[in-house]
Amino acid sequence: MSRFFSEKFTDLEAYVPGEQPMDQQYIKLNTNENAYPPHPAIAEAVAAARPLNLYSDPECLEIRKTLAGRLGVKPEELVMTNGSDEVLNFAFMAFCDSHIPAVFPDITYGFYPVFAHLYQLPYREILLQEDLTVRVEDYLNAAGTIFLANPNAPTGIALSREQIESILQANPYNVVVVDEAYVDFGTESCIPLIREYDNLLVTQTFSKSRSLAGGRLGYGVANPEIIRDLETIRYSTNPYNLDSMTLAAGKACLENDDYNMANCRKIIITRKRTAAALEKLGFEVTPSSANFLFVKHPALSGEEVYRKMRERGILIRHFSVERIKDYNRISIGTDAQMEALVAAARDIVVSC
Ligand code: PMP
């Protein structure tokens with residue numbers, strides 16, 4: 001830390017992303033990317049993007065229109081961001097302050113507490129139940145801005161739309177942010193509720209179901225007033241938050257969305273098969289609706305499983321957080337990658 005760093009950040013613990021080794025020596029199952037490459041039309045669209053000597057379109061008009069058509073909403077119900085991390089960042093800025101705490105589960109996406117610390121916001125963590133599910137009753141009259149990943153990460157466990165709706169109804173004076181980063185792998189989206197609930201903000205991303213993690217494209221969906229608040233923050237931060245190549249890639253990606261949704265269906269099948277194979281080896285597997293599994297083995301520590309997988313050339317994600325330190329999160333790769341994962345797991349279990 002330099003001697004110039006503002007005092008307010010001296011205790012800030014930054015978010016730690018999963019490892020991104022730049023060589024291909026690992027089977028990489030640690031950051032929930034999509035195992036399938038983006039549609040080939042995307043490379044062509046990027047090559048033909050708006051000339052880079054010009055600024056990108058700050059209104060993101062074309063992609064907003066295309067995405068609005070795809071989601072069945074209006075362009076003014078959408079804000080486009082640099083990954084969904086950015087719309088979440090904007091939501092913490094826009095809808096929390098010293099009187100309005102952020103409220104989220106104790107086990108959830110690790111960026112939420114980082115944003116709360118960054119903006120020096122009060123926040124309240126609500127314990128997940130023993131079985132790692134969210135207890136809906138704990139979020140009724142939460143007296144703060146609620147952030148719920150649905151399905152949750154890293155557990156993969158989802159709430160139904162009806163359960164989220166009861167949280168929306170019980171918190172009419174606060175925004176409820178539903179982070180749907182993994183929604184396309186088998187969870188009901190809350191987007192159809194945005195016209196009924198003016199306190200709902202749904203966030204989604206192209207990183208997982210649309211194979212564009214490196215493109216950094218996310219968005220928020222809400223009633224136009226919430227969107228205008230987020231636009232005020234966006235224009236006060238970086239009106240050119242999306243570059244022309246990403247805007248072109250995103251549009252081409254949506255024009256080939258059948259390809260993306262077919263990949264999601266493949267991933268769901270691979271997830272089911274992998275979960276069953278790991279359960280046969282004695283692993284406990286949470287019921288995941290995401291493109292990852294959250295698993296632990298009664299005879300092995302989470303750290304041990306992580307280390308032994310790494311020795312066998314497989315990267316998975318271990319969290320040192322006390323309550324989940326015996327678990328690992330395993331992204332769903334191709335069938336061949338998951339067969340290698342299951343073979344390594346068998347080897348590790350047999351030799352323990
Ligand atoms: N929400 C959750 C629950 C996530 O796991 C992630 C991925 N790390 C994100 C949001 C953000 O992803 P992105 O910025 O790539 O859209």
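This is a predicted model: local features need pLDDT of at least 70, side-chain atom pairs count only at pLDDT 80 or more; totals for chains, interfaces and linings use all residues.
**Close-up 1. The shell around the ligand.** Have a look at the 13 residues that surround the ligand, the closest being S84, D179, Y182, T205 and S207; a residue is near a molecule if one of its heavy atoms lies within 4 Å of it. Helix α3 (residues 83–95) gives the largest share of this shell, four residues; helices are DSSP runs (H or I, at least four residues) and strands likewise (E, at least two), numbered from the N terminus. By class, the shell holds five nonpolar, four polar and four charged residues. Ala, Val, Leu, Ile, Met, Phe, Trp, Tyr, Cys and Pro count as nonpolar, Asp, Glu, Lys and Arg as charged, and the others, Gly among them, as polar.

**Close-up 2. The largest pocket.** The largest pocket has a volume of about 1200 Å³, the space filled by probe spheres set on the grid points. It is lined by 48 residues, and Y15, V16, Y109, G110 and R317 are the closest to its centre. Elements giving two or more residues to this lining are α3, β3 (102–105) and α4 (111–118). The lining divides into 23 nonpolar, 14 polar and 11 charged residues. A pocket is an open set of points on a 1 Å grid over the protein atoms alone, where a 1.4 Å probe fits, with protein on both sides within 12 Å along at least five of seven lines; lining residues have an atom within 4 Å of a point.

**Close-up 3. Two cis peptide bonds in one loop.** N150 and P151 are joined by a cis peptide bond with omega about 0°, and P151 is found in the loop between β5 (145–149) and α5 (161–169). A153 and P154 are also joined by a cis peptide bond, with omega about 5°; P154 lies in the loop between β5 and α5.

Residues are numbered from 1 along each chain as its sequence is written. Local features need pLDDT of at least 70, side-chain atom pairs count only at pLDDT 80 or more, totals for chains, interfaces and linings use all residues, and side-chain values use heavy atoms, with hydrogens and water left out.
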